[in-house]
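Here's a quick tour to read with the structure open beside you. Take it one topic at a time and look up each part as you go.

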Amino acid sequence: MCLGVPGRVLSVDGMVAVVDFWGVRREVRLDVVDAPVAVGDYVLNHVGYAIRRIPAEEAQATLALYDELLAMQDAEDLMAADLRGELAATGAGS
Amino acid sequence: MSLDVCPLPARGPSDRIRLREGAGGQAMRELIQDLFLARAVHVRPDEVGPRDMDDGAAIRLGDGFLVMTTDAHVIQPAIFPGGDIGRLSICGTVNDLAVMGATDILGLTVAVVLEEGFSRADLERIWSSLQDAAEEAGAPVLTGDTKVMRRGELDGIVITTSGVGLARRVVRSRGLHAGDQLIVSGTVGDHGLAVLAARAGLGLEGALLSDVAPVRALVAAALEAGGEGIVAMKDPTRGGLAGALSEMIGGSNLGVLLDEASVPLSEPVRAAAELLGIDPLIVANEGKVVFAVRPEATAAVLAALRAQPLGTRAAVIGTATVERPGWVVLDTGFGRRLVVEPEGEPLPRIC
Amino acid sequence: MNAGPPGAVPPGLPPGLPAAAARLQFRDPARARALGEALHRAVDRAVDRTGQPVTVMHVCGSHEQAIARYGLRASFPQALEVIMGPGCPVCVTDVPEVDEAVAMARQGLTVATYGDMLRVPGSGPSLGDVRGEGAPVEVVYSVADALALARHQEVVFFASGFETTAVATAAALLDDPPPGFQVLSAHKYIPPVMEIIAEMPGRRVQGFLAAGHAATITGSGVFEAFCARHRLPVVVAGFEPLDILAALVALVEQVARGSAEVDNRFPRCVSRQGNLRAQEILWRVFRPVGGRWRGIAHVPNGNLRLRDAFAHRDARRQHPVDPASLCQGAPSALAARCVCGNIMAGIAAPTDCPLFGGACTPDEPVGACMVSMEGTCRIWQQYGGQVRLGREPPLLPDPTGRTA
């Protein structure tokens with residue numbers, strides 16, 4: 001069973017979408033997804049059914065959450081500060 | 001744990017041969033050791049005989065060694081993305097000779113067993129591809145045999161090859177030292193995943209091709225550059241990279257630490273592996289070599305490989321260590337796990 | 001396998017796939033190191049407050065797969081234990097349910113099943129065994145495959161899996177399936193079994209990771225009453241290594257603070273209310289009933305059965321089989337020693353089982369935990385989960401005695 005790999009919608013025909021997963025195309029049913037799905041959207045697939053439309057900006061939001069966790073650390077903790085610096089230097093979050 | 005009161009014997013020989021005894025793993029080794037090698041011949045200490053269970057055999061001839069090997073090829077489907085059983089047969093034998101150190105190949109034999117009703121067009125294609133591979137490898141097919149069996153008594157086609165070559169120095173698949181570097185000649189998992197993806201109808205065929213190729217020239221270049229600094233070589237076919245590394249350290253007092261980020265993978269292989277839930281480290285490769293190299297020879301061997309057409313993605317992927325002897329440990333970048341040699345039935349006959 | 005700078009599309013991928021690149025950021029080793037450090041500090045604080053090591057549980061086979069595949073446990077502090085609970089739907093499918101499917105196949109009904117269920121032992125043979133005897137058992141990868149089979153013949157779809165998978169079965173039943181299509185439901189519902197674990201005497205679990213895909217359907221809100229009732233925190237987690245590390249940091253922080261809240265760390269897929277359309281479909285077709293989970297005994301509301309409106313699609317009602325009559329006598333001596341139940345409840349580890357890796361292997365499994373791709377024992381056997389591969393010395397003596 002495919003573990004909910006997110007894929008990009010290439011075409012929609014009624015309740016069936018053709019979705020691209022890392023270069024592989026699969027038909028996915030849209031019966032249970034709770035938002036209208038259009039070409040270019042991303043969907044989470046489980047056993048041939050899309051269970052979630054993933055807004056493109058959600059990926060960035062999740063990364064911001066990780067960074068927020070790091071920010072919650074003790075302000076005197078030098079190691080956390082070093083790591084925050086390292087992340088900033090790699091351009092993360094851009 | 002005592003099993004003598006248990007009605008279900010869980011392991012050990014049964015009265016019927018099971019599929020996994022052909023899988024290249026522990027079960028197969030046990031079959032070979034317990035049955036086939038019961039009366040096997042002994043060879044001289046500097047030679048390689050059946051009990052060594054190496055990629056081939058080597059016996060003294062003049063100043064050097066005569067190396068021989070044999071293989072049976074039962075792959076299904078016979079024609080797969082990137083190749084066919086013809087090419088696979090030649091490359092399998094050429095590569096076994098090469099990784100024993102025999103890059104001077106004298107000749108090959110090919111025996112073909114066909115099922116009644118096999119397509120003539122397919123046979124012509126397979127034979128043409130086989131001859132192309134032999135030319136490419138510089139390994140002439142000198143003799144052969146042909147049989148046809150009744151429909152239903154054989155699955156399509158089986159090809160058995162043998163090869164004979166000369167080596168000045170025999171390179172075994174064992175004998176590592178702590179600190180030896182492990183080099184793989186290119187991307188991993190291509191053949192196994194190409195066949196599995198085709199079978200699963202993943203539709204990646206254009207991008208995902210078997211790597212089946214003769215590695216004779218690649219190995220010759222490495223040996224030229226590294227000399228005795230190359231301690232061991234193996235071609236990671238059945239059982240994949242994991243299986244090859246397990247065999248290289250099996251029974252020794254060494255372990256291997258692999259760096260996942262260093263293992264070369266093509267993007268289509270990574271995609272197929274994600275989607276099929278299959279680890280590229282445990283599936284077959286048919287155009288790759290794993291080298292164990294002394295640290296001082298590593299740079300030269302790597303450079304020589306990368307200058308070869310088949311070696312452009314060559315990389316150092318790990319080190320032999322004294323920690324966790326007998327185990328291959330993978331550093332994933334997020335933690336560590338064991339790389340376990342696949343056991344049990346392979347996905348049927350991918351090499 | 002370096003993905004390059006964050007945000008960049010890795011070379012070789014088809015153009016126009018920013019989500020794939022973003023996903024690779026969820027595997028960024030620099031962030032993983034930072035989260036790993038945060039986890040160590042959070043565990044220290046939790047140990048300071050509680051005076052004992054930290055024990056948390058996840059209830060999802062796919063979480064265990066990800067943890068094992070990335071070797072995450074090797075980087076956890078010694079004072080943190082992440083247990084896999086009853087999160088493998090194949091493993092918790094009880095013996096009578098397998099026997100029902102086997103009986104139907106033996107009667108000559110075509111039984112379509114997900115591949116994992118093929119080798120699960122019932123009281124007697126598995127579906128794979130009877131297929132070997134010639135019974136019509138077909139392996140399918142989706143309910144769509146089973147529907148296709150049912151166009152030409154009567155097919156019983158042996159529907160295993162948790163609520164996420166049950167949604168697909170429900171959608172298939174509502175979409176005018178072929179007349180021959182029937183369902184033998186072995187679907188399970190996770191939240192009730194968390195109640196059971198929370199109420200177990202002697203349980204050491206101080207918090208739960210909730211499965212991200214199930215929560216995509218049910219919503220994170222479904223855990224709020226649980227947290228209040230049991231004073232245990234629940235963090236909803238995704239499946240990338242960074243998702244899991246971040247969720248663990250959040251969970252252990254709650255243990256350190258003594259709080260008991262629902263925290264959604266998978267917001268790109270999970271909302272508080274969940275997927276209402278999927279929920280409506282699920283509960284229109286299925287109702288929760290109490291039932292046995294293998295090794296866990298009775299779980300109130302833990303099983304999903306077809307509602308009366310779908311009686312004509314319910315293989316149990318169309319082809320009644322008495323499971324008690326199928327029981328083939330006493331379980332084998334090996335099966336009697338299998339401790340899968342305790343492993344699924346988080347009370348024992350695979351290495352506690354006398355059969356693990358010896359008499360019970362992926363190739364010759366005794367218990368369901370070794371059969372399923374998501375089973376704890378299978379994953380430990382495959383990835384070496386039983387061996388502690390971390391380098392740091394233990395911060396505290398390992399109370400379980402399991403130190404490599």
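A residue counts as buried if 20 or more other C-beta atoms lie within 10 Å of its own, with C-beta atoms placed from the backbone. By that count, 56% of the 404 residues in chain C are buried. Keep in mind that what you're looking at is a predicted model.

**Chains A and C in outline**

- Chain A has 2 helices and 5 strands, and starting from the N terminus its elements go β-β-β-β-β-α-α.
- Buried residues account for 43% of the 94 residues in chain A.
- If you take the contacts in chain A with a separation of 6 or more, 33% of them join residues 24 or more positions apart.
- Chain C has 18 helices and 11 strands.
- In chain C, residues 24 or more positions apart make up 74% of the contacts with a separation of 6 or more.

**How confident is the model in chain B?**

- The mean pLDDT of chain B is 89, and 92% of its residues reach 70 or more.
- Residues 1-11 of chain B are a stretch to read with care, as the pLDDT there is below 50. Beyond near neighbours in sequence, this stretch has 15 contacts in the model.
- The pLDDT is also below 50 over residues 345-351 of chain B, a stretch with 21 contacts in the model beyond near neighbours in sequence.

**A sheet in chain C**

- Look for an open sheet of 5 strands in chain C, with parallel pairing and the order β2-β1-β7-β8-β9.
- Its edge strands are β2 (80-84) and β9 (262-264) of chain C, and each of them pairs on one side only.
- From one strand to the next, the twist averages 25 degrees.
- β1(C) and β2(C) pair in the parallel sense over 5 bridges, and Val54(C) has Leu80(C) as its bridge partner in β2(C).
- Strand β1 (residues 54-58) of chain C also pairs in the parallel sense with strand β7 (residues 208-211) of chain C, over 2 bridges. Here His58(C) has Leu209(C) as its bridge partner in β7(C).
- Is β2(C) mostly covered or mostly uncovered? It's mostly covered, with 5 of its 5 residues buried.
- Leu80(C), Val82(C) and Met84(C) point one way from β2(C), while Glu81(C) and Ile83(C) point the other way.

**Two helices crossing in chain C**

- Helix α7 (residues 163-174) and helix α12 (residues 276-285) of chain C have axes that come within 8 Å and cross at roughly 75 degrees.
- Angles of 65 to 115 degrees count as roughly perpendicular, and therefore α7(C) and α12(C) are roughly perpendicular to each other.
- On the α7(C) side, the residues making the contact include Ala166(C), Val167(C) and Ala170(C). On the α12(C) side, Ile281(C) and Leu282(C) are among them.
- The residues of this contact divide into 10 nonpolar, no polar and 1 charged.

**A covered helix in chain B**

- Why is helix α7 (residues 267-276) of chain B described as largely enclosed by the rest of the structure? Because 7 of its 10 residues are buried.
- Among the buried residues of α7(B) are Pro268(B), Val269(B), Arg270(B) and Leu275(B).
- The cover over the buried residues of α7(B) includes β2 (16-21) and β3 (24-29) of chain A, together with α4 (190-199) of chain B.
- After α7(B) comes Gly277(B), which has a positive phi, near 65 degrees.

Conventions:
Residues are numbered from 1 along each chain as its sequence is written. Chains are lettered from A and ligands numbered from 1 in the order in which they are written. This is a predicted model: local features need pLDDT of at least 70, side-chain atom pairs count only at pLDDT 80 or more; totals for chains, interfaces and linings use all residues. Helices (H or I, at least four residues) and strands (E, at least two) are DSSP runs, numbered from the N terminus. A residue is buried if 20 or more other C-beta atoms lie within 10 Å of its own, exposed if 12 or fewer, and partly exposed in between; C-beta atoms are placed from the backbone. Two residues are in contact if their C-beta atoms, placed from the backbone, lie within 7 Å. pLDDT is the predictor's confidence in each residue, from 0 to 100. Two strands pair if DSSP finds at least two bridges between them. Axes are lines fitted to C-alpha atoms, for helices over the stretch in contact, and angles run from 0 to 180 degrees between N-to-C directions. Angles under 35 degrees count as roughly parallel, over 145 as roughly antiparallel, 65 to 115 as roughly perpendicular and the rest as oblique. Ala, Val, Leu, Ile, Met, Phe, Trp, Tyr, Cys and Pro count as nonpolar, Asp, Glu, Lys and Arg as charged, and the others, Gly among them, as polar.
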